[in-house]
Amino acid sequence: MSLTHKSSARPLPGADTTDLPDVADFPASETPDIADAGWRRFLRRFHPRHIAGGALRTGVELLYPPQCVTCEAATATPFSLCVTCWNAMPLISKPYCERLGTPFAVDYGMGMLSPAAIADPPRFDRARAVARHKDTARDLVGRLKYGERLDLATLMAKMMVQAGRDVLEEADLLVPVPMHRFRLWRRRYNQAALLANAVSRQTGVPVNLDALRRIRHTRAQVGLRRPERQQNLQGAFGIAPEHQGLITGRRVVVIDDVRTTGSTLNACAHILRKAGAARIDVLTFTLVADGDI
Ligand SMILES: [Zn+2]
């Protein structure tokens, strides 16, 4: 696997993937002007391949009309949210703490840190999240994790790519928070790995699912106080010796579905730092803020 960072090769998040040609696709000898390129686009729409593809899509949509991915209300496009669910999406936008990614009530200016980040700095460098862990965002996390809606990973990753644009632009490698083999056997899939794979597909940043390992099965963190959480995670993670070289000197982004107190991500960051990672950022779909749970 190459770790070469090719930012120019990355598609823009959420970009329309239509295969109609762009002006830049024409050979230099033709040097078409914008109007000429427009005509070519127009004519391509009547290519038999497009007509057949369109008819097939229409047939499928008649049989299975697009539905909202959470409430199943009718939507205009497949794999999307309806207006009601979208309005109940507690998106995090700037201003937020540069270090923890937690939203500020007022804008203190660029690069400001929250009191929590100053009083108790995390072991990772920066964290970003799409939304707070409530309403539609919490519903999506639950459906991906427990509802076996593996198809949601692509949509959720698209939003993560937007929210984590600054950390992903500088990333060399993505690693999901690993699941212990026992839990993986019971659950059958690791939702963090699904999200990491989807973010990798959409950005071109390489992903490694095996470098960071859960070497000890831990009890659930829910209900534990902070010192108990840290003790519970003691020695829980490790780096596979054969992947040590992947981590040293790399800028790593750790991917998970939810960030609660940050103890798990701190434990992962600690191990990655020991392995020589140059930078460790965190990207999750939701983060739990005061009053969310
Ligand atoms: Zn809906």
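Author: Met156, Met160, Leu174, Leu195, Val254 and Cys268 touch the most other members of the largest nonpolar core, which has 64 residues. Helix H6 (residues 152-163) gives this core its largest share, 8 residues. This is a predicted model: local features need pLDDT of at least 70, side-chain atom pairs count only at pLDDT 80 or more, and totals for chains, interfaces and linings use all residues. Residues are numbered from 1 along each chain as its sequence is written.

Reader: What makes a set of residues a nonpolar core?

Author: Its members are buried Ala, Val, Leu, Ile, Met, Phe, Trp, Tyr and Cys residues joined through C-beta atoms within 7 Å.

Reader: Which residues does methionine 160 contact, leaving aside neighbours within four places in sequence?

Author: Methionine 160 is in contact with Val130, Leu195, Val199, Leu283 and Phe285; contact requires C-beta atoms, placed from the backbone, within 7 Å.

Reader: How do you know that the span of H6 agrees with expectation?

Author: The expected span is 1.5 Å times one less than the number of residues. The 12 residues of H6 should therefore span 16 Å, and its end C-alpha atoms are 17 Å apart, which agrees.

Reader: Why is strand E1 (residues 126-132) called largely enclosed?

Author: Happy to explain: 7 of its 7 residues are buried, so E1 is largely enclosed by the rest of the structure.

Reader: What makes E1 and strand E6 (residues 279-287) a pair?

Author: Pairing takes at least two DSSP bridges between strands; E1 and E6 have 6, in the parallel sense.

Note on methods
A residue is buried if 20 or more other C-beta atoms lie within 10 Å of its own, exposed if 12 or fewer, and partly exposed in between; C-beta atoms are placed from the backbone. Helices (H or I, at least four residues) and strands (E, at least two) are DSSP runs, numbered from the N terminus. Two residues are in contact if their C-beta atoms, placed from the backbone, lie within 7 Å.
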